[in-house]
Structures are given as structure tokens and as C-alpha cells.
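Me: I am new to this structure. Please take me through one part of it closely.

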Amino acid sequence: MQIKKKDDIGLILDNFSSYAKWDPSGQKLYLVFADNKRGGQWTLMNYNDDRFSVHGRGKDYLDESEAFFEERNSVVSFLWNNRAALKAAVDPSE
């Protein structure tokens with residue numbers, strides 16, 4: 001999967017269930033990818049009402065709670081800033 005423009009990230013979001021795992025207890029889809037800036041991992045979550053949130057954790061940090069995105073452009077911008085790690089998560093063959 002190529003991520004050369006923000007529209008490519010939109011396609012990932014539109015097909016999130018193809019890349020994510022299901023959490024039956026939380027009733028959400030989730031995708032884990034590297035947090036290269038802080039040396040841990042991000043978990044991107046998608047709820048049934050199409051809301052997205054993110055949570056970070058690592059050896060030396062743990063975000064207090066999920067951060068919900070108010071609009072789709074915010075999710076896309078966050079993922080654009082982390083596109084190398086996202087690409088590795090959605091296309092592990094590369």
C-alpha cells in the first residue's frame with residue numbers, strides 16, 4: 001500500500017475493518033502501530049458510530065486516556081504525521 005498523499009490515508013480509514021482487529025469487549029476496531037517519536041505504540045480505534053480515537057503507550061509513558069478526534073481531517077492529519085509507521089502496520093510485507 002502506497003501512502004503518498006492524504007487521500008491514501010482516507011482510503012485506509014474507509015476500509016479500516018480490512019486492516020484492524022475487533023475488540024469484542026470494547027465493541028471497537030483497533031489498529032496498533034509504532035509511535036516513532038516517543039518510542040512506543042499508538043492504538044487507533046474506530047467505534048460503531050464511526051468515531052476515531054487514539055491512545056499511546058510505551059516503556060516510559062502511558063497516555064491518560066483516549067483522545068477522540070472531532071473530525072475526519074484531524075484523524076487524517078494525525079496519520080499523515082505518522083505515515084511511515086502506519087504503512088508498516090497496514091502493509092507488513094514492506
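Which residues are buried in helix α3 (residues 72–81)?

Reply: A point on the source comes before the details: this is a predicted model. In helix α3, the buried residues are V75, V76, F78, L79 and W80.

Start with spacing. Along an α-helix, residues three or four places apart point the same way, because each turn takes 3.6 residues.

Now look at the partners.

Next, the core. The largest nonpolar core has 22 residues. Inside it, the residues with the most contacts are F33, L44, L79 and L86. Two or more residues come from each of α1, β2, β3, β4, α3 and α4. Helix α3 gives the most, with five residues. In soluble globular proteins, nonpolar side chains tend to be buried together.

Beyond its neighbours within four places in sequence, L44 is in contact with V75 and L79, among others. Its contacts also include L13, F16, L29, F33 and F52.

β2 and β3 run antiparallel and are joined by eight bridges. One of the pairs is D35 with G40 in β3. The hairpin of β2 and β3 has four residues between the strands, and there G39 takes a positive phi near 75 degrees. β2 is also joined to β1 (residues 21–23), by three bridges, and these two run antiparallel. There, W22 has L29 of β2 as its bridge partner. L29 is also one of the contacts of L44.

Methods. Residues are numbered from 1 along each chain as its sequence is written. This is a predicted model: local features need pLDDT of at least 70, side-chain atom pairs count only at pLDDT 80 or more; totals for chains, interfaces and linings use all residues. Side-chain values use heavy atoms; hydrogens and water are left out. Buried means under 20% relative accessible area, exposed over 50%, partly exposed in between (1.4 Å probe, protein chains only). A nonpolar core is a set of buried Ala, Val, Leu, Ile, Met, Phe, Trp, Tyr and Cys residues joined through side-chain atoms within 4.5 Å. Contact means heavy atoms within 4.5 Å. Two strands pair if DSSP finds at least two bridges between them.
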